[in-house]
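Let's look at a protein together and ask how we know what we say about it. Here it is.

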Amino acid sequence: MSFARRTSSAFVTALAVSALVCVASVGYLSSGRLGSGIVRSAVTSRVSHRIGSVRRGLRACADLEGMSFANVDYRKFGSAYDGYRSILKDTRGLYGDELKTYLDDGYLILDVRPHYEVERIKPVGSTHIPLITEVKDGGLSSFARKWTNTIYAGHSRDLTRNDNFVEDVKAQYPADAKLIVSCAEGLRSLLATKALRDAGYAQAFWLAGGLSGVPKGVLTDEGTSVDVGYRRAGLDGGKLASDIFDGVTSFRWWELGKEKKE
């Protein structure tokens with residue numbers, strides 16, 4: 001047998017083995033029987049240092065179904081989630097460090113933030129359909145809300161929920177669309193994910209922690225104020241306002257006078 005034929009035969013054999021491993025992994029993953037013992041028996045001692053990459057490869061063969069947050073302590077996301085615990089328990093999603101795997105599988109980022117935040121910074125290639133919109137010319141009551149937000153929220157805008165959000169999504173995506181629903185820190189997108197999943201979007205998954213929790217290098221950002229970042233894009237005043245806000249919110253006021261008492 002010639003060298004070329006031997007090489008071709010070896011290549012075909014390698015492809016066949018890879019296909020068998022992928023098919024077997026899907027079967028085991030779907031039945032919940034893929035354990036560490038099986039992995040160890042499938043990998044020889046000479047390649048034990050590659051077990052991690054093998055496991056990632058097996059996972060890539062299976063469908064991505066998002067994780068359940070039913071047993072996750074809502075307080076890890078912040079006190080604002082206190083009133084949304086029931087929604088959190090019923091949703092499915094992923095953390096920022098898993099986002100690349102989903103994007104590689106064909107999922108699209110659906111950004112539900114208000115328009116002015118998206119103008120300042122957004123992921124390249126994302127789709128923007130706002131869950132929250134800005135009220136224009138809302139009269140005296142709107143002016144009062146803007147004034148209140150200037151003091152407490154760091155922006156002078158009157159914001160309201162988009163009652164047509166689901167219909168707006170339906171106008172662009174079918175019910176089987178693969179969507180990663182996202183906002184800055186996760187709360188608004190949690191509500192958007194629930195609305196979409198209730199409407200039949202079974203592959204709409206929540207980005208827990210929001211876009212601000214995605215590791216560097218996964219997304220390419222664009223906009224008028226990229227340096228502000230996703231977490232503070234909702235503040236009016238640019239980078240200076242962001243720095244001031246971070247300084248105020250990180251100040252440990254409860255420790256004042258502690259040294260004197262000691």
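Q: What makes two residues count as being in contact here?
A: They are in contact if they have heavy atoms within 4.5 Å. Take the contacts between residues at least 6 apart in sequence: 69% of them join residues at least 24 apart. Keep in mind that this is a predicted model.

Q: How many helices and strands does the protein have?
A: There are eleven helices and ten strands. The protein has 262 residues, and 31% of them count as buried.

Q: Why is Ser182 called buried?
A: The cut-off for buried is under 20% relative accessible area. Ser182 comes in at 0%, so it is buried. You'll find Ser182 in strand β8, residues 179–182.

Q: Which residues is Ser182 in contact with, leaving aside its neighbours within four places in sequence?
A: Among them are Ile109, Leu110, Asp111, Val112 and Arg113. Ser189, Leu207 and Leu211 are in contact with Ser182 too.

Q: And what makes Asp137 exposed?
A: Exposed means over 50% relative accessible area. Asp137 has 78%, so it is exposed. Asp137 is in the loop between β6 (132–134) and α7 (139–152).

Q: How far apart are Asp137 and Asp158 in space?
A: Their C-alpha atoms are 9.5 Å apart, while in sequence the two are 21 residues apart.

Q: How do you know that the length of helix α9 agrees with what it should span?
A: Helix α9 has twelve residues, 187–198, and at 1.5 Å a residue they should span 16 Å. The expected span uses one less than the number of residues. The end C-alpha atoms of α9 are 17 Å apart, so the two values agree.

Q: Which residues of α9 are buried?
A: They are Ser189, Leu190, Leu191, Ala192, Thr193, Ala195 and Leu196. Just after α9 comes Gly200, with a positive phi of about 105 degrees.

Q: What does α9 lie across?
A: α9 lies across β2 (92–95), β3, β8 and β9, and runs at about 170 degrees to β9.

Q: What makes a set of residues a nonpolar core?
A: They must be buried residues of the nonpolar kinds, such as Leu, Val or Phe, joined through side-chain atoms within 4.5 Å. The largest such core has 28 residues, and Leu110, Val112, Phe165, Val169, Leu196 and Trp206 have the most contacts inside it. α9 gives the most to this core, with five residues. A second, separate core has 15 residues, including Leu94, Leu99, Ile180 and Leu207.

Q: In what order do the six strands of the open sheet come?
A: The order is β1-β2-β9-β8-β3-β5, with mixed pairing.

Q: Why are β1 and β5 said to stand at the edges?
A: β1 (67–68) and β5 (127–128) each have a single partner strand, so one side of each is left without a neighbour in the sheet.

Q: How do you know that β3 and β8 pair?
A: Pairing takes at least two bridges. Four bridges join β3 (residues 108–111) to β8, so the two strands meet that cut-off, and they run parallel. Ile109 has Ile180 as its bridge partner in β8.

Key
Residues are numbered from 1 along each chain as its sequence is written. This is a predicted model: local features need pLDDT of at least 70, side-chain atom pairs count only at pLDDT 80 or more; totals for chains, interfaces and linings use all residues. Side-chain values use heavy atoms; hydrogens and water are left out. Buried means under 20% relative accessible area, exposed over 50%, partly exposed in between (1.4 Å probe, protein chains only). Axes are lines fitted to C-alpha atoms, for helices over the stretch in contact, and angles run from 0 to 180 degrees between N-to-C directions.
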